[in-house]
Amino acid sequence: MRYRRRGLDIASHALLILALIAFCLPVWLAITAATHDQASLYTGTAPLWFGSEGLGNFRAVLTEPVGRLGTDVTRLLLNSTVMALGIAVGKIAIAILAAYAIVFFRFPLRRLCFWLIFITLMLPVEVRIMPTYKVAADLGLLNSYVGLILPLIASATATFLFRQFYLTVPPELLEAARVDGAGPWRFLRDILLPLSKTNIAALFVIMFLYGWNQYLWPLLITTESDHMTIVVSLKRLLSSADNLVPWQTVMATALLAMLPPVAVIVLMQRYFVKGLVDAEK
Amino acid sequence: MATFQRHRVTPWLLLTPQIAVVAIFFFWPAAQAMLQAFYVEDPFGLGRTFVAFENFARVLASAEYYRALGITVTFSAGVALGAMALALLLAVLADRVIKGAGAYKALLIWPYAVAPAVAGVLWGFMLDPELGLISAGLGALGIDWNHQLNGGQAMALVVMASIWKQMSYNFVFFLAGLQAIPRSLLEAAAIDGAGPWRRFWTITFPLLSPTSFFLLVMNSVYAFFETFGTIDATTAGGPGGATRTLVYKVFEDGFIGYDLGSSAAQSVLLMGLVGLLTLLQFRYLERRVQY
Amino acid sequence: MATLRLNALRKTYPNGVTALHGADLEIADGELIVVVGPSGCGKSTLLRMLAGLESISDGELAIDGRRVNDLEPAERDIAMVFQNYALYPHMSVADNMGYALKNRGVPKAERRRRVEETARLIGLEDLLDRRPKQLSGGQRQRVAMGRAIVREPRVFLFDEPLSNLDAKLRVQMRLEIRRLQKRLGVTAVYVTHDQVEAMTLADRLVVMNGGRIEQVGTPMHLYARPASRFVAGFIGSPAMNFLNARLDARLGGDILTLPCGTRLASPIPASGEAKTVCLGIRPEHLAVVPEGDVIDGDLSVRVELVEPLGADTLVHARLDGQDDLVVARIDGIRAVAEGDSLTLRPDPGRLHLFDPETGQRLAPMEPECQHSTCPA
């Protein structure tokens, strides 16, 4: 039994739908603006309906060098994809290995290693900007994919999550595998990785978003447009024109910048929600 | 826990990648920042002088630093409370309609995937002094919106954009928390004569407090660090430093002002702050997770 | 097909706790040994040391005369059935059974043949493509057995393999394990805390307590001649009754005197002075004496509780004027009610005497076995 009030139900739906509209509004305006040309855009306030350009602005930014960027958005999308995939795969791979060592082996300094990894939660790139930049520069990583990816692939969160998951694996499974003649690498490949599939998928979504949406680090490490990411390019586009901001170009680029991560989250929503809630535990 | 015995080298092989990255890109730079904080670099980069705590003293004596601290607190409180309150309201609504809660979740979740910088750009367009739809609406109400000139409005812009992005994260957690509350508890309260309003404040809200606490920490971390992109892409700390948060100031002093000592000292102070937040977070984890 | 030799096997954990205080045991080829004892007695530790899952702190373990202390589990050529089966959840039944063979590099066709052969042997043919999640408890148990059998190991190890099954299935699987083990002729060590399971399965029983082996022998030998009060109390259900008694020499024979004043002829001679002993009588060795037939040495009791089991009835009764409760197993057709007075007569040939301090058996020392089914 549940106390139901029809009026409240309707009001709830109404408020939720209102919120949905409000949340979609910025994106809707971006879509409409991206279909106008600059002249029609600047005739008044931002248009609520599509303009005459259709997908023309998208085609333009994808195929021709944009403003002062000196490159087209296709290149930026490629850079972002490489970075996001590199970070997601890298983080997951090294976190799996580290958590595996910490849970399934006993060795001196095991706890210290765990704490060293865990404590990196306290050192986000934002608090060690200058020296990290310097290290990357000294290693010759400026303007390179390695430089975009490598410094960001340590992950306390992922290591912690895999550790939590491994701790729930029944110890008899490891013992059975040992009796069956499986060594550490075989156990990892044949038993543990197949069992971690959903956790890996969930983390992949979260880490892909993390990688794609990075701002400060790519801003520092890429000075040339051939390694610039699409998220970072927006600011340059905004400040590129001396007088009028070319909003139709900015919005087309912004939409392209949010398309891949939004697609990932929508397609993999089930894993994403699981990943979020697990990350909390 | 069962373990592999007699494997001495394997665990180190497994740990090497993680430890190497952590050492090279986390601990080494962090140590550098700490060391740097005690030196002053000469302007031509030819040498440096040990100045003990002078950098810290300089930072802590500057009015600019306290202004940035105040802005950070205002900004973080605005983002955290705004995003949480809005998410809680929507989660409660979605939870009580039963039919469609999943659909609303699916439709509200995607802003989480939008980069902070992109969120800033989208809102910057809606509030653009010339073209913006909302700024036009506000103009009609007699409010002259120009976040490029008005510091308060600039702050409001970055807060709104940040809330818009973070809300969905909170929504997922609040909805999960609400759905985990046993129906029987609410039914018992209903039988005891508590109306929906009272039921919410006496049963639901207290039972959500662990979730709320966790979200408060996560939202603070988000507002502190991840919103750098939002700020840089829209206001760049301006106008006149009105949106210059602590993190933004570290960046500005280091990369634009080249005051390495001061930037490093600020980094160290920030690390302390993050340490505090992490500790809070870990205390929460500890209660939830058996170590 | 192997013999096992345990020589002063010890387990001491790094924190100083000793789980096993030197176990000695010889296991013959094809024998089914059941290790039984209360929880925490060290039986699981012993089994896991045989498997190679726990290191051996001291002593020697040999399979077929070869020392295996330092071999990995897989190198010992053993197979183990776990209490929770430990099936790999993401693998099919066939893959679960074939995993060890795969790790050993057995070719695919050969692997398949052996898995199918074993599946036929234990009735799993139709389930080979299923995942463990799609199986019932009994079927999972069978897969765990199959996984052990398919490898044709030298030794089977069973760690309470039936404790997750319901009572009926447990009896059925118990018989099946016995049948399979005999048919395959593989040496087996089976750990359980259930003494009924232990009695019915074992060629020889090993009773453990507090990290030590208390007694080793055939089930009937342990039943008839328990070496200690602990074994006497652990083997047999319901448990043996224990009463304090005074043993002293009298003219015309040595006498046991119970606190209620009853006197019994002692099965062993008294040595010198009178001393206190612990007298053990199994419930099934107490017979109801018809009224008027009472002789010296019978116990008069008052019935406190009656548990009818069908064929038998368990009577919990209090000795007259005493606090001691005794349990008697009597014929089920006899009507007994709570509050009745009864006279019980102990079987004079089935009395057990134990030292009250050490718990060691005092009498009769010679393993003179009277039971017809008891092997020599």
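## Chain B: contacts and build

Within chain B, take the contacts between residues at least 6 apart in sequence: 70% of them join residues at least 24 apart. This is a predicted model. Chain B has 291 residues, and 43% of them count as buried. Its secondary structure comes to 13 helices and two strands. The C-alpha trace of chain B spans about 75 × 75 × 30 Å along its principal axes.

One helix of chain B shows how burial and packing go together. Helix H6 of chain B covers residues 133-140, and its buried residues are Leu133(B), Ile134(B) and Ser135(B). These buried residues pack against H1 of chain A, and also against helix H5 (116-126) of chain B. After H6(B) comes Gly142(B). The phi of Gly142(B) is positive, near 90°.

## Where chain A meets chain B

The contact between chains A and B draws 83 residues from chain A and 80 residues from chain B. On the chain A side, helix H1 (residues 6-34) gives the most, with 14 residues. By class, the side of chain A that touches chain B holds 65 nonpolar residues, nine polar and nine charged. H1 of chain A is also the helix that the buried residues of H6(B) pack against.

## Chain C: two domains

Chain C is assigned two domains. Domain 1 runs over 4-233, and domain 2 over 238-362. Their centres, taken over C-alpha atoms, are 39 Å apart. Seven residues of domain 1 and ten residues of domain 2 take part in the contact between them. On the domain 1 side, four of these residues are nonpolar, two are polar and one is charged.

## A buried strand in chain C

Why is strand S7 of chain C described as largely enclosed? S7(C) covers residues 155-159, and five of its five residues are buried, so the rest of the structure largely encloses the strand. In a regular strand, side chains alternate between the two faces of the sheet. In S7(C), Val155(C), Leu157(C) and Asp159(C) point one way. Phe156(C) and Phe158(C) point the other way.

Which strands pair with S7(C)? One is strand S6 (residues 78-81) of chain C, which runs parallel to S7(C) and is joined to it by four bridges. Here Ala79(C) stands opposite Phe156(C). Another is strand S8 (residues 187-192) of chain C, paired with S7(C) in the parallel sense over five bridges. In S8(C), Val191(C) is the bridge partner of Asp159(C).

A helix belongs to this arrangement too. S7(C), helix H5 (residues 167-184) of chain C and S8(C) make a β-α-β unit. The unit is right-handed.

## Confidence

The model scores ipTM 0.87 and pTM 0.83. Chain C has a mean pLDDT of 88, and 95% of its residues reach 70 or more.

Over residues 368-376 of chain C, pLDDT stays under 50. For these residues the model has twelve contacts beyond four places in sequence. Where pLDDT is low, the predicted coordinates should not be read in detail.

Conventions:
Residues numbered from 1 in each chain as written. Chains lettered and ligands numbered in written order. Contact = placed C-beta atoms within 7 Å. Nonpolar A, V, L, I, M, F, W, Y, C, P; charged D, E, K, R; others polar. pLDDT = per-residue confidence, 0-100. Domains from an automatic or database assignment. Buried ≥ 20, exposed ≤ 12 C-beta atoms within 10 Å, placed from the backbone. Pairing = 2+ DSSP bridges. Right-handed = clockwise from strand over helix to strand, strands pointing away.
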